[in-house]
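I set down what I looked up, entry by entry.

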Amino acid sequence: MSNFYTDTPSLKHHLQHPLMQRIVELKERDFRDKDTFDYAPVDFEDAMENYEKTLEIVGEICGEIIAPNAEDVDHEGPAVSNGRVTYATGTQKNLDAVRKAGLMGISMPRRYGGLNFPVVPYIMAADMVSRADAGFENLWGLQDCAETLYEFGNEDQRQRFITRVCAGETMSMDLTEPDAGSDLQSVMLKASYDEAENCWRLNGVKRFITNGDSDIHLVLARSEDGTKDGRGLSMFIYDKRNGGVNVRRIENKLGIKGSPTCELVFRNAKAELCGERRLGLIKYVMALMNNARLGITAQAVGICEAAFREGYKYACERRQFGKTIISFPAVYEMVAMMRARTDASRTILYETARFVDIYKALDDLSHERKLTPEERQEQKKYAKLADAYTPMGKAMSTEYANQNAYDAIQIHGGSGFMKDYPCERLYRDARITNIYEGTTQLQVVAAIRYVTTGAYLNQLRAYEALEYKPELESYKKRLVGMTDTYEKLVAAVIEFKDNEYLDFMARRLVESAAHCILGYLLLSDANKDDSFLKSTDVYIHYGESEIRKNQDFISKFSPENLASYRQEQNFTLNT
């Protein structure tokens with residue numbers, strides 16, 4: 001039997017991180033649920049055992065049901081008729097399996113029917129589901145919208161909606177419109193208060209809505225008359241049972257075909273306010289998007305893993321010139337780099353997830369009692385780290401997913417271009433990851449302030465101060481050198497005091513910081529487990545060369561050179 005948890009030892013490695021002790025302590029609140037729920041853990045060891053057993057179940061479902069269904073789902077896809085969506089046959093089987101296993105709402109508190117899992121094991125499940133079928137992850141993973149309901153909804157809404165998610169109902173976040181993509185301040189879907197019915201009514205169109213015919217929707221809408229910016233937007237909950245929203249069409253997409261991406265028409269749809277008016281974009285969507293970006297990072301890691309395995313397997317089987325093609329340096333270099341990218345993406349995913357776990361658990365605890373000064377400081381520290389690592393992780397892992405998928409096809413040669421092998425589907429599925437929930441370019445915009453404020457550099461110096469095995473000291477010295485170069489690059493760009501020049505160099509600076517951080521995280525992994533040593537070696541070689549490339553570009557490029565790149569530059573086309 002194929003089990004995506006037990007066949008991936010790195011998952012267990014990350015689950016056993018020392019910070020899990022603190023995460024479980026905060027999440028379980030002295031294990032107070034043990035007297036109310038018979039499935040609640042009684043101590044740390046019991047909690048970890050629960051996570052492992054559940055992840056084994058997820059791994060089995062992924063290996064035995066979701067992955068075998070993926071090709072048929074990709075071919076069949078969802079359909080729309082009379083304003084309603086019908087999932088592909090395999091997608092429905094997948095949903096039935098995860099519902100039967102109780103895997104919906106697993107991060108929600110037990111009082112709502114959830115398992116009260118921390119972010120780390122939940123994201124591990126997303127990692128595995130994505131490896132099995134990235135399109136299905138878009139349905140299963142949207143249960144994460146329940147986190148927004150939990151954080152900002154009132155208790156009545158939690159009882160009515162989160163319990164339904166935990167019982168197996170699906171969710172969607174309805175943000176994008178035909179004229180409002182990355183610029184969500186331009187959202188114009190109208191929310192009007194109905195005095196007679198004591199409810200809100202939604203009218204307008206939403207586009208590119210993942211799982212748009214879900215049971216429960218979180219909808220961003222303009223509630224304040226006369227406004228045109230983010231301050232006039234609020235968040236609403238729409239219940240499909242009330243009617244008023246129809247699917248006009250399903251987009252015909254390049255990839256993730258099992259996930260219905262819908263255009264929705266709201267006609268006087270009944271809805272209720274979530275949280276406070278005017279905070280829809282400013283506060284709630286920002287939280288929702290951060291959750292979603294972590295989920296897309298997990299999706300990218302799953303695709304990285306799947307692409308690596310497809311490429312490695314084929315390279316070991318395919319024979320040319322009397323030997324398997326993995327024997328050729330051009331191929332084994334690609335395979336080694338694919339493994340390193342996967343391990344690097346996974347290590348920043350779980351580092352970020354741990355940061356999120358601690359700050360969110362402390363934030364939740366603050367609603368029960370006043371935090372101590374030490375707890376407030378801890379909450380602030382991990383919230384800052386989570387905010388810094390989320391865009392970096394999303395940017396790097398999604399680009400690596402695309403590269404791994406590309407390389408998997410290249411290893412397959414002409415066969416990879418055919419639908420006979422899964423790498424063709426992986427290539428198409430990967431392409432959206434560095435676009436939705438904020439393009440790589442927007443992740444750089446979010447991350448650059450942590451370059452200029454020194455947040456990344458401070459964390460790098462913290463990694464530098466850790467103790468490593470003597471045999472790893474040579475890698476540490478190289479990482480120190482990479483960090484020193486990165487620090488000089490930042491100073492060289494900032495000294496011009498030119499915002500346009502900083503924006504132009506932002507990607508190079510963020511990537512340079514990321515290569516250092518990913519290198520240190522892999523070194524930390526290798527410090528505990530020798531199986532990560534090869535990826536550490538490969539990645540540090542790669543990171544050094546990339547930083548040198550950025551150094552060369554920046555040293556030869558001044559603000560005066562920007563004129564050649566500006567949008568208004570007139571280009572001559574030879575026809």
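I take a residue as buried when its relative accessible area is under 20%, as exposed when it is over 50%, and as partly exposed in between. The model is a predicted one.

**Entry 1. Salt bridges across the chain**

I began with the total, and the structure holds 54 salt bridges. I then looked up individual pairs.

For Arg110 I found a salt bridge with Asp33, with the closest N and O atoms 2.9 Å apart. This pair links distant parts of the chain, 77 residues apart: Arg110 sits in the loop between α4 (89–100) and α5 (119–132), and Asp33 in the loop between α2 (20–28) and α3 (44–76). Is Arg110 buried or exposed? Its relative accessible area is 4%, under the 20% limit, so Arg110 is buried. Asp33 has a relative accessible area of 17% and is therefore buried by the limit of 20%.

Next I checked Glu251, which forms a salt bridge with Arg207; their closest N and O atoms are 3.3 Å apart. Glu251 lies in the loop between β8 (245–250) and β9 (261–274) and Arg207 in strand β5 (residues 199–210), so this pair ties together parts 44 residues apart in sequence. Glu251 counts as buried at 13% relative accessibility, whereas Arg207 is partly exposed with a relative accessible area of 24%.

**Entry 2. A pair within one helix**

I looked up Glu351 and found a salt bridge with Arg354, the closest N and O atoms being 2.8 Å apart. Why are these two separated by about one helical turn? The reason is that Glu351 and Arg354 are 3 residues apart in helix α10 (residues 329–365). An α-helix has 3.6 residues a turn, so residues three or four places apart point the same way. Both Glu351 and Arg354 are buried.

**Entry 3. A salt-bridge network and a pocket**

I noted a network of salt bridges that links Asp7, Asp127, Arg131, Glu305, Arg309, Arg339, Asp343 and Arg346.

I then turned to the second largest pocket, whose volume is about 750 Å³. Which of its 33 lining residues are the closest to its centre? They are Glu305, Phe308, Arg309, Tyr312 and Arg339. Glu305, Arg309 and Arg339 are also among the members of the network. Two or more lining residues come from each of α1 (9–15), α5, α9 (280–317), α10, α12 (423–430) and α17 (533–555). The element that gives the most to this lining is α9, with 9 residues. By class, I recorded 15 nonpolar, 6 polar and 12 charged residues in the lining.

**Entry 4. Two aspartates with arginine contacts**

I placed Asp156 in helix α8 (residues 155–166). Its relative accessible area is 44%, which makes Asp156 partly exposed. The side chain of Asp156 makes a polar contact with the side chain of Arg160 at 2.8 Å.

I placed Asp239 in strand β7 (residues 233–239). Asp239 is buried, with a relative accessible area of 10%. Its side chain makes a polar contact with that of Arg164 at 2.8 Å. Leaving out residues up to four places away in sequence, I found that Asp239 touches Phe161, Arg164 and Asp215.

I looked up two backbone angles. Arg278 has a phi near 75 degrees, a positive value in a residue other than glycine. Arg278 is found in the loop between β9 and α9, and it is partly exposed, with a relative accessible area of 40%.

Lys497 is not a glycine either, yet its phi is positive, about 50 degrees. Lys497 is in the loop between α15 (473–494) and α16 (499–528). Is Lys497 buried or exposed? At 76% relative accessibility, above the limit of 50%, Lys497 counts as exposed.

**Entry 5. The buried residues of α14**

Lastly I looked up helix α14 (residues 455–464), where Ala455, Tyr456, Leu457, Gln459, Leu460 and Tyr463 are buried. Which elements do the buried residues of α14 pack against? They pack against α10, α11 (373–412), α13 (440–452), α15 and α16.

Conventions: Residues are numbered from 1 along each chain as its sequence is written. This is a predicted model: local features need pLDDT of at least 70, side-chain atom pairs count only at pLDDT 80 or more; totals for chains, interfaces and linings use all residues. Side-chain values use heavy atoms; hydrogens and water are left out. A salt bridge is a side-chain nitrogen of Lys or Arg within 4 Å of a carboxyl oxygen of Asp or Glu. Helices (H or I, at least four residues) and strands (E, at least two) are DSSP runs, numbered from the N terminus. Buried means under 20% relative accessible area, exposed over 50%, partly exposed in between (1.4 Å probe, protein chains only). On a 1 Å grid over the protein atoms alone, a cavity is a set of points where a 1.4 Å probe fits but cannot get out, and a pocket is an open set with protein on both sides within 12 Å along at least five of seven lines; lining residues have an atom within 4 Å of a point. Grid points are joined across faces, edges and corners, and a volume is the space filled by probe spheres set on the points. Ala, Val, Leu, Ile, Met, Phe, Trp, Tyr, Cys and Pro count as nonpolar, Asp, Glu, Lys and Arg as charged, and the others, Gly among them, as polar. A polar contact is a pair of N or O atoms within 3.5 Å; within protein, one must be able to donate a hydrogen and the other to accept it, and residues adjacent in sequence count only if both atoms are side-chain atoms. Contact means heavy atoms within 4.5 Å.
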